[in-house]
Amino acid sequence: MLQTMGLPYILGVTGIILCILGIGKNGILLRILTRLCVAAVVTYGINTGLLYFGLPYSIGINGWTLLIMSLLGLPGVAAMYAISFFL
């Protein structure tokens, strides 16, 4: 049981340490994490709205899409929906 619970604790402590380090000089990590949270919430809201209107242009929320959207910000969210629309 200890082996299965160890990984989330290690990842959590590592995340906390990285957040503390990211608050320092430029806070780059904190900005990327903020963009990640905003991108996830905006994507979920847009997907819900598109589902309500019956449009098939929803984006899956997974690690790769969140990585792209967090690095590019809200223009990354728009780019993902543009790619979904044209493909």
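This is a predicted model: local features need pLDDT of at least 70, side-chain atom pairs count only at pLDDT 80 or more; totals for chains, interfaces and linings use all residues.
Trainee: Are Tyr-52 and Phe-53 buried or exposed?
Mentor: Residues are numbered from 1 along each chain as its sequence is written, and side-chain values use heavy atoms, leaving out hydrogens and water. By relative accessible area (1.4 Å probe, protein chains only), under 20% is buried, over 50% is exposed and anything in between is partly exposed. On that scale, both Tyr-52 and Phe-53 are exposed.

Trainee: What geometry does the aromatic pair of Tyr-52 and Phe-53 have?
Mentor: Rings of Phe, Tyr and Trp (its six-membered ring) pair if their centres lie within 6.5 Å; planes under 30 degrees apart are stacked, those over 60 are edge-to-face and the rest are tilted. The structure has three such pairs. For Tyr-52 and Phe-53, the centres are 5.2 Å apart and the planes make 80 degrees, which is edge-to-face.

Trainee: How many helices does the protein chain have?
Mentor: Helices (H or I, at least four residues) and strands (E, at least two) are DSSP runs numbered from the N terminus. Reading from that end, the order is α-α-α-α. With zero strands, the count of helices is four.

Trainee: Which element has the highest mean pLDDT?
Mentor: For the protein chain the mean is 80, and 79% of residues reach 70 or more. Among the elements, helix H1 (residues 2-22) is lowest at 66, while the highest mean, 89, belongs to helix H4 (residues 74-86).

Trainee: Why does Asn-47 count as buried?
Mentor: Asn-47 sits in helix H2 (residues 28-53). Leaving aside residues up to four places away in sequence, Asn-47 touches Ser-58, Ile-59, Ile-61 and Tyr-81, where contact means heavy atoms within 4.5 Å. Asn-47 is buried because its relative accessible area is 13%.

Trainee: How far is the C-alpha atom of Ile-46 from that of Val-77?
Mentor: Ile-46 also belongs to helix H2, and at 32% relative accessibility it is partly exposed. Not counting residues up to four places away in sequence, Ile-46 touches Val-77 and Tyr-81. Ile-46 and Val-77 are 31 residues apart along the chain, and their C-alpha atoms are separated by 9.9 Å.

Trainee: What is the C-alpha distance between Val-38 and Met-69?
Mentor: Val-38 is another residue of helix H2, partly exposed at 37% relative accessibility. Val-38 and Met-69 lie 31 residues apart in sequence, and C-alpha to C-alpha the distance is 9.3 Å.

Trainee: How much accessible area does the nonpolar patch with Ile-68 have?
Mentor: Ile-68 lies in helix H3 (residues 63-72) and is partly exposed at 37%. Patch residues have over 30% relative accessible area and no salt bridge, with like charges joined within 9 Å and nonpolar side chains (Val, Leu, Ile, Met, Phe, Trp, Tyr) within 5 Å; a salt bridge puts a side-chain nitrogen of Lys or Arg within 4 Å of a carboxyl oxygen of Asp or Glu. Areas come from the Shrake-Rupley method with a 1.4 Å probe, and for residues only the protein chains shown count as cover. Together, Trp-64, Leu-67, Ile-68, Leu-71 and Leu-72 have about 540 Å².

Note on methods:
pLDDT is the predictor's confidence in each residue, from 0 to 100.
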